[in-house]
Amino acid sequence: MRNYLSLMLTVSLTASALAYADNEALYTNETPITFKANSGETTDAIDGHFFVPENRNNASSRNIRINYVRFPATTDKKGPPIVYLAGGPGGSGIGTAKWRRFPLFEALRAHGDVIALDQRGTGASEQADYCVSDVTLDHSSIISKVQLTNSYQQAAQQCFAKWQQQGVDIYGYTTVQNALDINDLRQHLGAEKITLWGISYGSHLAMSAVKLFPEHIDKVIIASAEGLDQTVKLPAQNDAYFTKVQSIINQQPLKQQVPDLAAMMRRVHASLDNKPVRVKPTYQDGSNNDILLQSVHLKMLASMMIADPNQYVAMLIEMYRQLDQGNTELITQIISRGIFKDEPIGFKLMSLAMDVASGVSTQRLSLIQKQAKSAILEDYLNFPMPMLNNIDSKLDLGSEFRQKPTSDVPTLLLTGSLDGRTYPQEQSQAVSNLTNVTQIMVENAGHNLFLSSPDVLKRMQAFLSNGPVDNSPIILPVPVLAMPQ
């Protein structure tokens, strides 16, 4: 159910870019380009690629292409290359550099070359075709949890088989292989060490790299940390998040309408389970669906809306408030954006395989299942995990992979107090075995916090400069959680 942008880099060779190549040393398979951000801003950069085995555990593995864009340092006293690791899994590092974080890529060039990496199977890097199964869910009738689970398991197994028939080695799409690509990139750039900069799944990937080749990692900057055994989040932590949201609501006039968000959500779920409501959204392509709205739809939808305390959380609150009053207008508008269409279940290989491979430990899964029985959103936050956990035991990386990294590599962790996807308590636990970690709380920030305050960049720059890092909380304004009237 995760939706990710896979953006291909549009490049144009210009006279200035070619002249730039005369002053900047190029590595193998690199070409000078003019990089254009979506804002219209441009900068000279280097487009590059290298090749890695698709599966290093297979002696006859084919090679696949990994693409990146290198933004050369703007200082003569540059440090190790800084490699950006996108979240997801499935996010494009090059695509990220084109969007709102472009100023961060530019600013960090004062400390070294900055690499926007498209991880294996993402963005401009070589990837398998999107797989469409022949399994379709009928949203116009009652959908049980068992039916949902069986449908997604069947669809995933079909897609794994299709990719294998196409000559793709699905067992190469794991976080360990992904991390080893980073070390190959380091060698491709001729660097003794690199600095890792990642968010969400990118932090998961960074922690795997720290376990595999710590001697080649200079520093690590991560935000919204996802530990190696935290691919599937704890439902109790999700409930605690809604308690935090309520504390924000209590500071605003919205409290009069929403005195108890959690109780309202549970009430709406129970009402829909008792008597589903039929809605008929019209999608942008003109098609429409006859949907029998049930709590399962709301739980999946809510799980996609709570990463950041922004307009989506305000929309979620209003959606539940309207449904509590029997009004389906807003939920119909939201679904019409493309959710729950009567289409076959499909997957991207990288996004699917990485999560299945990282999996979840037996102990944690038992805790998740226990907590899900009474949790507001059950275990839908990382849908279709944990439903797909261990559907291919050969793909699962095992208990050794999921053990916490132990390292003294200098690490800066930025945590949003209102992160609705990777929860603060879990983030602290994820890095608890790191002996040289500085954690900074960004109060009132959510999951995507790098641009939440100028102080975030200042702390990152101080860390990269080996100077003292202020670890006091960064305080943001309290978010407004009422939708504009």
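A contact here means heavy atoms within 4.5 Å. Keep that cut-off in mind for the helix stop below. The model on your screen is predicted.

**Stop 1: the whole chain**

Show the protein chain as a cartoon. It has 16 helices and 15 strands. The radius of gyration is 23 Å, close to the 23 Å that the globule rule gives for 485 residues, so the chain is as compact as a globular protein of that length. Now turn the view along the principal axes. The C-alpha atoms fill a box of roughly 70 × 55 × 45 Å.

Next, think about which parts of the chain touch. Take the contacts between residues at least 6 apart in sequence: 76% of them join residues at least 24 apart.

**Stop 2: surface and charges**

Buried residues make up 59% of the 485 residues.

Colour by charge. The chain carries 41 positive and 46 negative charges. Their mean positions lie 4 Å apart.

**Stop 3: helix H9**

Select residues 295-303. This is helix H9. Nine of its nine residues are buried, so H9 is largely enclosed by the rest of the structure. Step along the helix with side chains shown. The buried residues include Val296, Leu298, Met300 and Leu301.

What do the buried residues of H9 pack against?

- helix H4, residues 145-165
- helix H8, residues 261-274
- strand S11, residues 291-293
- helix H10, residues 311-324
- helix H11, residues 329-335

Keep H4 in view, as the next stop returns to that helix.

**Stop 4: the disulfide**

How many disulfides does the structure hold? There is one. Select cysteine 131 and cysteine 159, and show their side chains. The disulfide joins these two residues, with an S to S distance of 2.2 Å. The pair links distant parts of the chain, 28 residues apart. Cysteine 131 sits in strand S7, residues 131-136, while cysteine 159 sits in helix H4.

Zoom in on the S-S bond. Its torsion is about -90 degrees, so the disulfide is left-handed.

Are these cysteines buried or exposed? Buried means under 20% relative accessible area. Cysteine 131 has 4% relative accessibility, so it counts as buried. Cysteine 159 has 0%, so it counts as buried.

Definitions and conventions: Residues numbered from 1 in each chain as written. Predicted model: local features only at pLDDT ≥ 70, side-chain atom pairs only at ≥ 80, totals over all residues. Heavy atoms only, no water. Helix = DSSP H or I, 4+ residues; strand = E, 2+ residues; numbered from the N terminus. Rg over C-alpha atoms; globule rule 2.2 N^0.38 Å. Buried < 20%, exposed > 50% of the residue type's maximum accessible area, 1.4 Å probe, protein only. Lys, Arg positive; Asp, Glu negative; His and termini not counted. Charge placed at Lys NZ, Arg CZ, Asp CG, Glu CD. Disulfide = S-S within 2.5 Å.
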